[in-house]
Each structure stands twice: as structure tokens, then as C-alpha cells.
Amino acid sequence: MTALIGISLSALILAVFIRDYNKTASIAIMIAASALIFLRIAADISGIFTALADISSGVETAASYLRLMMKVLGIVLITQFVADMCRDCGENALASQTETAAKVIVITMILPLFETVIKIVSGLLE
């Protein structure tokens with residue numbers, strides 16, 4: 001955890017000092033720091049996927065829902081990363097459009113799950 005905080009704070013301080021002289025270098029520092037942080041947590045993410053696969057291995061329907069949830073989580077995390085990078089570059093409109101597009105994609109992905117839940121609830125009410 002301290003390594004991640006160290007990477008973040010070091011990159012932030014360096015980028016802030018360099019920003020006035022070379023905005024491109026400042027952005028490159030932030031992107032490099034973000035990539036380093038992602039690489040540091042990649043092993044943890046892999047462990048999470050392995051644990052969830054082990055949990056859902058006994059129930060096939062649970063596995064399909066779990067895969068869907070992991071895809072949605074991946075989309076959300078990547079979108080947040082890209083939108084934050086857009087905002088760092090001063091492109092707020094592009095960041096907002098990226099987030100909106102991701103929301104539409106997530107809604108499209110979960111519609112079958114939502115439909116299943118509605119069928120189960122309506123079956124219980126009858």
C-alpha cells in the first residue's frame with residue numbers, strides 16, 4: 001500500500017512542478033504513474049478472479065452472472081481511468097462522453113439479468 005501511495009504522491013509532485021514548463025511531460029508522468037500502479041495491483045486482481053472462479057465453480061448459473069459482473073466491473077474501472085486521464089488533460093467534455101458511453105454499455109449488458117430478476121419476482125407474486 002505504501003508503495004502505491006509513494007508512486008502517486010511522487011508523480012503528483014513531479015507533474016505539478018513540471019506542468020508550468022512542459023505540459024506534455026506532466027501528462028506523460030501521470031500516465032506512467034497510472035500504469036505503474038496498475039501493474040502493482042494486477043496480481044491482486046488476478047487473485048480476485050481466481051477466488052471468484054473457485055466460488056462459482058459449483059453452480060453454472062452463478063458462474064455466468066459472476067462473469068457478467070466482472071465484465072461490468074472491468075468496464076467501470078477502465079472507464080474511470082480513461083475519464084480521469086481526459087480530465088487531467090483538460091478535456092472535460094470527452095471525459096463526460098466516455099462515462100456516458102460506458103453507462104449505456106453497462107445497461108445494455110445487464111438487461112438480460114434485469115429481465116431474469118423481473119421474471120423471478122413476477123413469478124413469486126403470482
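K119 and E115 sit 4 residues apart in helix 4, so about one helical turn separates them. The model is predicted: local features need pLDDT of at least 70, side-chain atom pairs count only at pLDDT 80 or more, and totals for chains, interfaces and linings use all residues. Residues are numbered from 1 along each chain as its sequence is written, and side-chain values use heavy atoms, with hydrogens and water left out.

**Fold and dimensions**

- The protein chain has 4 helices and 0 strands. Both element types are DSSP runs, numbered from the N terminus: helices are H or I with at least four residues, strands are E with at least two.
- Along the sequence the pattern reads α-α-α-α.
- The radius of gyration of the protein chain is 20 Å, whereas a compact globule of 126 residues would have one near 14 Å. The radius is taken over C-alpha atoms, and the globule rule is 2.2 Å times the number of residues to the power 0.38.
- Taken along the principal axes, the C-alpha atoms fill a box of roughly 70 × 35 × 15 Å.

**Surface and contacts**

- Of the 126 residues in the protein chain, 17% are buried. Buried means under 20% relative accessible area, exposed means over 50%, and partly exposed lies in between (1.4 Å probe, protein chains only).
- The protein chain exposes about 9100 Å², and carbon and sulfur atoms supply 72% of that area. Accessible areas come from the Shrake-Rupley method with a 1.4 Å probe; for residues, only the protein chains shown count as cover.
- Among contacts with a separation of 6 or more, 47% join residues 24 or more positions apart. A contact means heavy atoms within 4.5 Å.

**Charges and salt bridges**

- The protein chain carries 8 positive and 10 negative side chains, and the centres of the two sets lie 3 Å apart. Lys and Arg count as positive, Asp and Glu as negative; His and the chain ends are not counted. Each charge is placed at NZ of Lys, CZ of Arg, CG of Asp or CD of Glu.
- The count of salt bridges is 2. The rule asks for a side-chain nitrogen of Lys or Arg within 4 Å of a carboxyl oxygen of Asp or Glu.
- E99 pairs with R87 in a salt bridge, with the closest N and O atoms 2.9 Å apart. E99 belongs to helix 4 (residues 92–125) and R87 to helix 3 (residues 60–88), so this pair ties together parts that are 12 residues apart in sequence. R87 is partly exposed, at 33% relative accessibility.
- K119 and E115 form a salt bridge whose closest N and O atoms are 3.4 Å apart. K119 is exposed at 54% relative accessible area, while E115 is partly exposed at 45%.

- T79 is in helix 3. At 13% relative accessibility, T79 is buried. Not counting residues up to four places away in sequence, T79 touches T98, E99 and A102.
- Y65 is also found in helix 3. Y65 is partly exposed, with 34% relative accessibility. Leaving aside residues up to four places away in sequence, Y65 touches L113 and T116. The C-alpha atoms of Y65 and L113 are 7.8 Å apart, across 48 residues of chain.
- N92 lies in helix 4. N92 is partly exposed, at 46% relative accessibility. From N92 to I107 is 15 residues in sequence and 23 Å in space, C-alpha to C-alpha.
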